[in-house]
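Reader: Could you walk me through this one? I would like to go from the overall form down to individual side-chain contacts.

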Amino acid sequence: MQEKMLSSLLKQHQQKQQARKDSQEKKKKEVTTAVTKLTHALVDHLNAGVAQAYVNQKKLDTETKILQANAAQFAKQTTLWLRLVEDFNTALKEIGDVENWSRSMETDMRTISSALEYAYKGIYKNSA
């Protein structure tokens, strides 16, 4: 009878141990599943941030290229404007030179005219 009792106790003990092992295995699987889900969620969250950073970097690269092209175009336009201003200044100087030349010519012509008039009057007085 004691053997039966011992055998029964041993059987109960083994069943309890098996139940604990099954429970632990079930909990282990649940934890593994939960950790896997958490890991995937964290990776997805990080990937979303990385993807957004990549998209932003692409936009910045595109905007930088556009800005560089615009800056180059502006530099060319500025060079053209500077050349036009220099040409305009040169033209103004030439106009000033022409004005001075015409004043000088006018003065010379008046001097010649006065001389001719004086000579004409002198010749006319002598012949009369």
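**Surface, form and contacts**

Author: Since this is a predicted model, let me begin with its surface: the protein exposes about 12300 Å², of which carbon and sulfur atoms supply 62%.

Reader: And what share of the 128 residues is buried?

Author: Buried residues make up 0% of the 128 residues in the protein.

Reader: How many helices and strands are there?

Author: The protein has one helix and zero strands, and helix H1 covers residues 2-127.

Reader: What does the C-alpha trace span along its principal axes?

Author: The C-alpha trace spans about 185 × 15 × 10 Å along those axes. The radius of gyration of the protein is 54 Å, whereas a compact globule of 128 residues would have one near 14 Å.

Reader: Switching to charges, how far apart are the mean positions of the positive and negative ones?

Author: The protein has 20 positive and 15 negative charges, and their mean positions are 22 Å apart.

Reader: How many salt bridges do you count?

Author: The count comes to three salt bridges. As background, side chains of opposite charge can pair when their charged atoms come close.

Reader: Let's take them in turn, then; what does arginine 103 pair with?

Author: Arginine 103 forms a salt bridge with glutamate 99, and their closest N and O atoms are 2.4 Å apart. Both residues lie in helix H1, where four residues, or about one turn of the helix, separate arginine 103 from glutamate 99.

Reader: Why does arginine 103 count as partly exposed?

Author: Arginine 103 counts as partly exposed because its relative accessibility is 47%, a value between the 20% limit for buried and the 50% limit for exposed.

Reader: Which residue does arginine 110 meet in a salt bridge?

Author: The side chain of arginine 110 meets that of glutamate 106, with an N to O distance of 2.7 Å. Arginine 110 and glutamate 106 are four residues apart in helix H1, so about one helical turn separates them.

Reader: Is arginine 110 buried or exposed?

Author: Arginine 110 is exposed, its relative accessible area being 55%, while glutamate 106 counts as partly exposed at 40% relative accessibility.

Reader: What about lysine 121?

Author: Lysine 121 forms a salt bridge with glutamate 117, for which the closest N and O atoms are 3.3 Å apart. Lysine 121 and glutamate 117 both lie in helix H1, four residues apart, which is about one turn of the helix. As for accessibility, lysine 121 is partly exposed at 47%, and glutamate 117 is partly exposed with a relative accessible area of 43%.

Reader: Leaving charges aside, which residues form a nonpolar patch on the surface?

Author: That patch is formed by Val98, Trp101, Met105, Met109, Ile112 and Leu116, which together have about 630 Å² of accessible area.

Reader: Where does isoleucine 112 lie, and what is its relative accessible area?

Author: Isoleucine 112 lies in helix H1, and it is partly exposed, with a relative accessible area of 46%.

Conventions. Residues numbered from 1 in each chain as written. Predicted model: local features only at pLDDT ≥ 70, side-chain atom pairs only at ≥ 80, totals over all residues. Heavy atoms only, no water. Helix = DSSP H or I, 4+ residues; strand = E, 2+ residues; numbered from the N terminus. Rg over C-alpha atoms; globule rule 2.2 N^0.38 Å. Buried < 20%, exposed > 50% of the residue type's maximum accessible area, 1.4 Å probe, protein only. Areas by Shrake-Rupley, 256 points an atom, 1.4 Å probe, with all protein chains shown as cover. Lys, Arg positive; Asp, Glu negative; His and termini not counted. Charge placed at Lys NZ, Arg CZ, Asp CG, Glu CD. Salt bridge = Lys/Arg side-chain N within 4 Å of Asp/Glu carboxyl O. Patch = residues over 30% accessible without salt bridge, like charges linked within 9 Å, V, L, I, M, F, W, Y side chains within 5 Å.
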